[in-house]
Amino acid sequence: MTGWQEIEAAFIKKTHFNRKRQSSFCFVVCVFFIVAAISLVLSGCGQTDGPDTDGKKTDKVQITDEKITVGLSQIGSESDWRMASTASVRSAFSSAAGYDLIFDDAQQKQENQLKAIREFIDQGVDYIILDPIVETGWDSVLSEAKEAGIPVIVYDRRIEVDDDSLYTCWIGSDFKLEGERACVWLQEYLESSGVDRNINIVDMQGTPGASAQIGRTAALEEAVMLNKNWRIIAQDTGDFTTAKGKEVMVDWLTKYGSDINVVYAENDNMAYGAIEAIEARGYKVGLDIDNGEFMVVSFDSSHNGLQLTLNGKIAVNTECNPLYGPRLTEIIQTLESGGSVEKETYIEEEQFSGISYIGTIQVRNHPYTVTHLTENIISDRQY
Amino acid sequence: MKTWNKIKSWPLFLPVVALILVMAVNIIYDAATGSNPFSFFMISLRNTTTSGTILYGRIIDIINRGSEVAILAIGMTLVVSASAGTDISVGSVMSLCASFMCMMLAGYGVSSTTTLAVPLIIGLLCAVVMGLVCGAFNGTLVAHLSIQPMVATLILYSAARAIGLLLCNDLIVYVRNPSFAFIGAFAGPIPTPIIITAICIIVVSLVLKKTALGMYIQSVGINAKASRIAGLNSKLLIFLAYMLCGLFAAIAGIVASSRITSADSNNIGLYLEMDAILSVALGGNSLGGGKFNLAGSIIGAYTIQAITTTLYALGVSSIQAPVFKAVIVILIVVIEAPPFKAFLRRQSAARAAAKGVRA
């Protein structure tokens with residue numbers, strides 16, 4: 001017999017099938033699956049009770065009087081940024097700091113957030129904190145919270161409700177300002193290095209409709225109107241992911257090649273993909289536009305993004321601060337002591353660059369510092 | 001006329017025509033805009049600092065980027081043929097295998113690394129084993145418990161991605177290591193994913209050609225009971241098809257995560273199961289099981305990628321691209337639909353008859 005025939009023979013039954021053996025085999029398989037399912041459920045429950053919860057389910061926490069009970073409903077764990085934000089909130093609302101945090105991960109579904117908030121109300125928490133996945137559809141659940149007398153603090157994304165009194169305050173990023181800061185930096189850099197030519201920009205957008213995408217794109221479009229020699233030659237979405245960013249960049253490189261001067265990547269993950277694509281095609285990333293280098297502008301300032309900024313591959317990186325924990329505890333402490341808080345606050349954000357000679361920039365008649373990045377700054381950061 | 005009829009009756013005729021039609025759009029577009037009509041097809045060499053001399057051009061882009069779907073399409077073809085159902089878990093299994101591999105390569109809980117915690121080959125083996133385990137899970141449910149394929153694979157479709165996130169401790173794990181990045185980069189001038197895909201295709205077609213396995217799988221798909229009575233181990237064959245599908249999902253996962261040198265559990269392989277099923281259908285295979293044509297599925301996979309790349313080349317933004325993609329897919333599916341084919345046959349028969357009467 002040749003090797004091939006042996007393979008074939010394996011699939012031919014040697015004896016005619018034995019009904020009894022067959023059914024007992026099926027029985028064993030069934031039992032196996034049932035046992036596996038039960039053990040999965042048990043391990044899942046164990047995880048919720050254990051100290052190292054990953055937050056897939058609402059934690060059941062005993063509500064005591066001494067501690068401030070906070071119910072927090074957050075979106076999910078889709079990006080580095082979100083994970084950093086979650087970690088920050090979790091550590092700020094630790095029980096050592098006097099909080100009982102009931103954490104709920106909505107797994108990208110508004111329905112889960114609505115359910116979680118109703119649970120918080122039933123459990124009689126002191127505060128509800130919400131990072132809403134979408135802007136609309138919160139009216140009825142928030143009126144229930146209002147009737148129960150529980151203050152609601154919204155962070156990161158915004159909500160749209162008919163009655164403003166349904167939530168106590170909102171804190172989040174000014175995405176348009178982030179974009180404006182990046183554009184002003186670019187303008188300053190080009191002026192100071194005496195680059196006087198047409199600047200061709202490709203705009204790698206985030207997920208269409210996300211507030212970060214809308215704000216950052218709008219800022220770039222306005223900057224292009226103001227600067228006569230700037231042009232947006234291509235605009236497309238990279239969905240905030242490395243893979244899609246890389247694909248889009250490859251297509252632009254095939255189409256425009258070295259005509260591209262600036263890549264305006266609306267987050268670090270896409271910037272990384274773009275840099276990979278540019279280098280794989282034999283072009284260079286850097287600050288020297290006149291010598292054909294591609295300048296990459298990015299946002300978020302994640303750990304990986306800052307590393308690239310330090311290496312000079314990203315020219316300027318404008319932060320999108322995920323560290324909401326301390327700000328949220330601050331707000332709750334103010335409310336606890338009977339103080340009042342602003343309805344809308346923007347979280348402070350930084351801007352980083354590998355070059356030192358642009359120290360401050362003026363945006364909206366306000367000076368902003370550009371931090372000269374060093375290894376120490378990166379290692380000191382929480383994310 | 002005779003050779004024309006022969007070509008027309010060739011099983012790959014329509015898939016190939018569909019692919020050529022998509023390509024032709026580019027020639028027309030390039031000619032209309034006044035550039036070289038064949039610029040879409042130009043392949044050139046570029047010198048780069050990072051990976052030496054590389055091949056470059058839109059065709060290379062298509063073949064390179066279509067790799068994952070082409071690899072998935074191999075497994076999907078076998079599953080469709082043997083069990084008359086689809087494995088909708090392949091995208092999630094890709095992501096799980098990639099997460100498991102990157103977790104092994106980086107070490108548990110590490111989010112970013114440039115040095116490997118275990119040798120690369122162990123990481124790759126882990127991914128492959130995970131793929132086989134997932135395939136065996138699906139295979140057992142379908143073959144031994146006779147659960148409908150879509151329901152059985154729905155379990156891993158929804159669970160695998162979440163398991164991947166658990167393995168990675170809810171982090172995106174970055175493995176920035178050149179030996180790992182090689183799989184998604186270039187081997188000499190040729191992109192490595194192309195070579196991996198070629199090896200997969202060659203091995204599978206060799207096995208199908210040299211053994212009667214292909215025929216066994218088809219006969220199980222046509223009638224599992226009759227095949228069993230004829231002496232084939234139907235359950236084992238269906239189980240094997242799912243195992244192979246899991247294996248190819250693992251390989252596709254390795255390629256996809258190496259491209260971005262990270263395990264982005266939420267995004268790797270997202271919606272790729274749909275592309276894999278579509279490529280089987282575009283290849284002229286019946287989703288009702290039975291007879292299959294592997295080459296057709298692979299041409300189907302590259303057709304899907306060619307559509308995407310063409311839309312990019314035409315400057316259609318990727319937000320609107322799915323609409324155009326849908327229109328093109330509708331056209332191709334209609335052309336390949338049996339009633340439409342029958343209609344064309346009747347037309348040509350009528351024409352021939354009319355000619356006969358006149359003569």
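Predicted model: local features only at pLDDT ≥ 70, side-chain atom pairs only at ≥ 80, totals over all residues.
Two strands pair if DSSP finds at least two bridges between them. Strands themselves are DSSP runs of E, at least two residues; helices are runs of H or I, at least four; both are numbered from the N terminus. With that, to chain A: A:Asn317 stands opposite A:Phe352 in β12(A).

Some ground rules. Residues are numbered from 1 along each chain as its sequence is written, and chains are lettered from A and ligands numbered from 1 in the order in which they are written.

Now the chain A sheet. It is open, has seven strands, and runs β7-β6-β8-β9-β10-β12-β15. The pairing is mixed. At the edges stand β7 (230-237) and β15 (371-372) of chain A. Each has a single partner strand, so one side of each lacks a neighbour in the sheet.

Where does the antiparallel pairing of β10(A) come in? Strand β10 (residues 316-319) of chain A pairs that way with strand β12 (residues 351-353) of chain A, over three bridges.

Next, β6(A), residues 199-205. Six of its seven residues are buried, so β6(A) is largely enclosed by the rest of the structure. Buried means 20 or more other C-beta atoms within 10 Å of the residue's own; exposed means 12 or fewer; partly exposed lies in between; the C-beta atoms are placed from the backbone.

β6(A) pairs with β7(A) in the parallel sense, over seven bridges. In β7(A), A:Ala234 is the bridge partner of A:Val202. The chain gets from β6(A) to β7(A) through helix α7 (residues 211-226) of chain A, and this β-α-β crossover is right-handed. Right-handed here means that, with the strands pointing away from the viewer, the path from the first strand over the helix to the second runs clockwise.

β6(A) also pairs with β8(A), parallel again, over four bridges. Two positions to look at: A:Val262 in β8(A) is the bridge partner of A:Ile201, and A:Asp203 stands opposite A:Tyr264 in β8(A).

Are the faces of β8(A) covered or open? Both faces of this strand, residues 262-265, are covered. A:Val262 and A:Tyr264 are buried on one side, A:Val263 and A:Ala265 on the other.

β8(A) runs parallel to strand β9 (residues 295-300) of chain A, with three bridges joining them. A:Val262 has A:Met295 as its bridge partner in β9(A). The crossover from β8(A) to β9(A) goes through helix α9 (residues 268-280) of chain A, and is right-handed.

Over to chain B. First, a helix pair. The axes of α5 (residues 90-106) and α6 (residues 120-144) of chain B come within 8 Å and cross at roughly 150 degrees. Axes are lines fitted to C-alpha atoms, for helices over the stretch in contact, with angles from 0 to 180 degrees between N-to-C directions. α5(B) and α6(B) are therefore roughly antiparallel. The cut-offs: under 35 degrees is roughly parallel, over 145 roughly antiparallel, 65 to 115 roughly perpendicular, the rest oblique.

Last, the chain B sheet. It is open and mixed, with three strands in the order β3-β4-β7. β3 (112-113) and β7 (262-263) of chain B stand at the edges. Two bridges join β3(B) to strand β4 (residues 173-175) of chain B, and they run parallel. B:Val175 in β4(B) is the bridge partner of B:Thr113.
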